[in-house]
Amino acid sequence: MIFSEQVDGFTIDGGPDALLIQKPEAIALCREIGLGDRLVSTKMPRIAYIQRGGRLHALPAASVLGIPTRIGPFVRTTLFSWAGKIRMGAELFVPPKRDDADESIGAFMTRRFGTEAATYLAEPLLAGIHAGDVDRLSVRALFPRLVDAERKHGSLLRAFTIKNPISNQQSAISNEGAFKSLPGGLSEMVRALVSAIGEPHVRLNTAVDAISGRGPFVLRTAAGESIDARAVLLATPAYAASTLLRERDEELARLAGEIPYASAATVAMAFERSRVRHPLTGSGFVVPRVERTGILAASWLSSKWPNRAPEDRVLMRTFLGGARDPQALERSDAELLQTSLAAVRPLLGIEGEPRLTRVYRWTRGNAQHEVGHLDRMAAIDRALTRHPGLFITGSGFRGVGIPDCVADARRTGALVTDWLRKHNLELRTQN
């Protein structure tokens, strides 16, 4: 999903553009591969907005995933009605869930904070970043810290406002923002990683058609080549892993194939600064489903990151598709562009046509960890024990974001290393 390019003085990320500081694994990887001194923070002011009633409302300051940690900014926000604010404040008195059954993000937020919070926070913000359906995505799989906060403190407001590790951590990162990126876009990280591994060890455009054998394995490529391997780690989308595993283990293939994916598009647009009336102070905005504008969100790249556009230009992106609009990628680039322009023009006061446009299509690019995902993963892990030397990782399985993928890759890599050591010891003992 990572793709960056430089075009006419603009640096554009067609996929993700940020690394979350709160989950430090991706930041640590950048430092490990020599990019530590190139990491940059978001520009000030660090304001994000939510669209409601055709207007942009600033997300209350000092919030965690939209959940307030201070009373003042929450009381003053224009995002919620007074009835909504009172219901959200009453979360302090909502009894915690007593069982461990999974539930959707929408059900969790409605239960804790009410319908208005689910509509204008959970749906566009928590589900939106995964391009998913708020009533299907699993809160346990995607936001376990919210579940843990309820279990430990009985209330999320209590957890995020008292002196505790969650609020302390939030305060510690506030000075440098919540995200980091790289001047040339996140593709810098991919190039540095390939360099650290060694280009001869990375084979591009080499499709694997089948995996046979049971250690050693034999990989057959589309070009007819056979590759012997003591261990195989599938870091593919879940649906690709399902195809490769079908002849080996029907149950494992079925479990992997049941993980759904959503498709999305990113539309990048550049304008002359003088043609955009909005000050673009902040990083952008998310759009609740009820607004029906045709986009999921918009990001102001030139306001969010330094040196992403020439001085007299602005660069922004819109996001379309996902579970909200599964047919989006059936439309032409021109149609996606027109939908984007229609959504942002009245909000940002844009005149004229964009000076530069790019459309990036991500077919089945967003894994959907829906309710029951953790149980499915437990079943996948049990099935893998039938295949010593075969391992699985990737966003379809454990963790959608870049830091989560890095963390699971390290964990899985350690398992591979441990297995190879034991396997080699067994071979030496046998000989």
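Strands S10, S11 and S12 form an open three-stranded sheet in that order, with antiparallel pairing; two strands count as paired if DSSP finds at least two bridges between them. Helices (H or I, at least four residues) and strands (E, at least two) are DSSP runs numbered from the N terminus. The model is predicted, so local features need a pLDDT of at least 70 and side-chain atom pairs count only at pLDDT 80 or more, whereas totals for chains, interfaces and linings use all residues. Residues are numbered from 1 along each chain as its sequence is written, and side-chain values use heavy atoms, with hydrogens and water left out.

- The edge strands are S10 (208-213) and S12 (226-229), each of which pairs on one side only.
- From one strand to the next, the twist averages 25°, where angles run from 0 to 180 degrees between N-to-C directions and axes are lines fitted to C-alpha atoms, for helices over the stretch in contact.
- Five bridges join S10 to S11 (residues 217-221) in the antiparallel sense.
- Within this pairing, Ile211 is opposite Leu219 of S11, and Ser212 is opposite Val218 of S11.
- Three residues separate the strands in the S10 and S11 hairpin, where Gly215 adopts a positive phi near 85°.

**The S3-S9-S4 sheet**

- A further open sheet of three strands, also antiparallel in its pairing, has the order S3-S9-S4.
- Its edge strands, S3 (19-20) and S4 (40-41), each pair on one side only.
- S3 and S9 (residues 179-181) run antiparallel and are joined by two bridges, with Leu20 opposite Phe179 of S9.

**The S1 and S2 hairpin**

- S1 and S2 (residues 10-13) pair in the antiparallel sense over four bridges, and Gln6 stands opposite Thr11 of S2.
- The hairpin has two residues between its strands, and Asp8 takes a positive phi near 50° there.

**Helix packing**

- Helix H4 (residues 105-113) packs against helix H5 (residues 115-127) at an angle of about 145°, the axes being 8 Å apart.
- The crossing of H4 past H5 is right-handed; a crossing is left-handed if the near helix is turned anticlockwise from the far one by less than a right angle, and right-handed if clockwise.
- H4 contributes Ile105, Gly106, Met109, Thr110 and Phe113 to the contact, and H5 contributes Thr115, Ala117, Ala118, Ala122 and Leu126; contact means heavy atoms within 4.5 Å.
- These contact residues comprise seven nonpolar, three polar and no charged. Ala, Val, Leu, Ile, Met, Phe, Trp, Tyr, Cys and Pro count as nonpolar, Asp, Glu, Lys and Arg as charged, and the others, Gly among them, as polar.

**Aromatic pairs**

- Five aromatic pairs are found in a search of the whole structure. Rings of Phe, Tyr and Trp (its six-membered ring) pair if their centres lie within 6.5 Å; planes under 30 degrees apart count as stacked, over 60 as edge-to-face and the rest as tilted.
- One of these is the tilted pair of Phe3 and Tyr360, with 6.0 Å centre to centre and 55° between the planes.
- This pair links distant parts of the chain, 357 residues apart: Phe3 is in the segment before S1 (4-7), and Tyr360 is in S18 (residues 356-367).

- Most residues other than glycine have a negative phi, and most peptide bonds are trans.
- Ala131, which is not a glycine, has a positive phi of about 55° and lies in the loop between H5 and H6 (139-142).
- Met44 and Pro45 are joined by a cis peptide bond with omega of about -10°, and Pro45 lies in the loop between S4 and S5 (48-52).

**Model confidence**

- The chain averages a pLDDT of 93, and 96% of the residues score at least 70; pLDDT is the predictor's confidence in each residue, from 0 to 100.
- Over residues 163-168 the pLDDT is below 50, and this stretch has ten contacts in the model beyond near neighbours in sequence.
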